[in-house]
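The chain is shown first.

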Amino acid sequence: MNSRLDKQRRVVVTGMGIVSCLGLSRREVRASLYDGTPGIALLSERKELGFQSGLSGVIKGFTPTPGYPLDRKYRSKLPEFGWWAWDALCQALEQARVEPADLAEDVRTGFLFGNDSSVVTGVEQCEMLRAAGETRGIGSGHIFRLLTSTVTLNLCTKLQLRGASWTVSGACASGAMAIGQAAELIARGRQDRMLCGGGQEISWQSMCSFDAVGAFARREEAPSEASRPFDQGRDGLVPGGGAAVLLLEAEEKARERGAEILAEICGYDFAADGYHISVPSGEGLERAMAGAIADAGLEPGQIDLVMAHATSTPVGDEKEAQALSRLFGLARGNQGPLVAATKALTGHEFWMAGASQVIYALLMSRAGFVGPHPNLTEPAPAAAGLRIPTAAITVAPRHILCNAAGFGGVNASLVVQAL
């Protein structure tokens, strides 16, 4: 099958960076994925505030990557997750052997980032106003921290990037959409090199309303067992966050400078359910998956691994499992690909989830394993036919389908070829 898009160039991955509750580097995260070690804890502050569930993914001991300081000016203009995004970006550049200062020389280098909120700053400035009785004490940095586009506008300025620069706000599909859009810009010759990814704040302020509607898992006595994608006993998601950044390049540009090529972004598609603002139908995700596979010039049977969106919500997991079953013909006796549900370890990373999924997939593939889902004790009926490992298995999947879905019924899928 030929790709449905007129691609002029292949798009490759040359750098990856990650700040996650699974670790602060590629090495740490890879080890957590292999061991099946969750990064989820019970936060007493949330219980004291009145949360129904105090569970969350937690980033512990964050310190910036040595050699890439974020100066005071930008620290004051970025929320905490922006600091994580800068660190992930620097990790990606370091792996790709690209100096930050060199990016400003190329007008065809840009940055697309997935993000759909920056809540803490808004709360803080309101509290400052109420305490002081006037606005004059609110620092100007709050303006730039407050905007949903805070990461792209700050870091593009810091790096003096002159190419495409914007923020993608597509709920929990934001990170995947940022990668897909960046890849399309390169494939069609509009850009040569793109930084892209997604970020999510970990804060009680950003999670109040989710908790209010009972969206969160309640297994507080066993935090590591609380996030249970595809399990019959799942009772809600666990919120998490962090930052994930990829460096994408046109293949010929990467080879010209002798870069190590880690993977290829070979397929991307998106679709909306057009059904309900918070309840997925699964139809849009199925179309996005099928479209991404066709865009990659593949058939469903050539997919080796699916990185499922699988947030551990009762309806969401069921609809995704049904869509996977239809797409891969499981009811017709087809075996289907392996399915990884890494949110069992991370919780739901919201706006960054579609980007971190790609990095988790490539870390596993390049190390020759698919990690375990430690909390799958009784697969839900819709997921019974899915090949979900409960222990790490030795395999190096080549063609990987990464799913992301969000409020409003928005869906995005990427096909990544590990090299």
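Buried means under 20% relative accessible area, exposed over 50%, and partly exposed in between (1.4 Å probe, protein chains only). The model is predicted: local features need pLDDT of at least 70, side-chain atom pairs count only at pLDDT 80 or more, and totals for chains, interfaces and linings use all residues. Residues are numbered from 1 along each chain as its sequence is written, and side-chain values use heavy atoms, with hydrogens and water left out.

E105 counts as exposed because its relative accessibility is 63%. This residue sits in the loop between α4 (80-96) and β4 (109-114); helices (H or I, at least four residues) and strands (E, at least two) are DSSP runs, numbered from the N terminus.

Helix α4 is mostly covered, with 13 of its 17 residues buried. R97, which has a positive phi near 60°, follows α4.

A salt bridge is a side-chain nitrogen of Lys or Arg within 4 Å of a carboxyl oxygen of Asp or Glu. By this rule there are 17 salt bridges. The table gives some of them.

| Pair | N to O distance |
|---|---|
| K47 and E220 | 3.2 Å |
| D317 and R234 | 3.5 Å |
| E286 and R326 | 2.7 Å |

E286 lies in helix α11 (residues 283-295) and R326 in helix α12, so this pair ties together parts 40 residues apart in sequence. R326 is partly exposed, at 41% relative accessible area, and K47 is likewise partly exposed, at 34%. Both D317 and R234 are buried. A network of salt bridges links R9, R108, D192 and E252.
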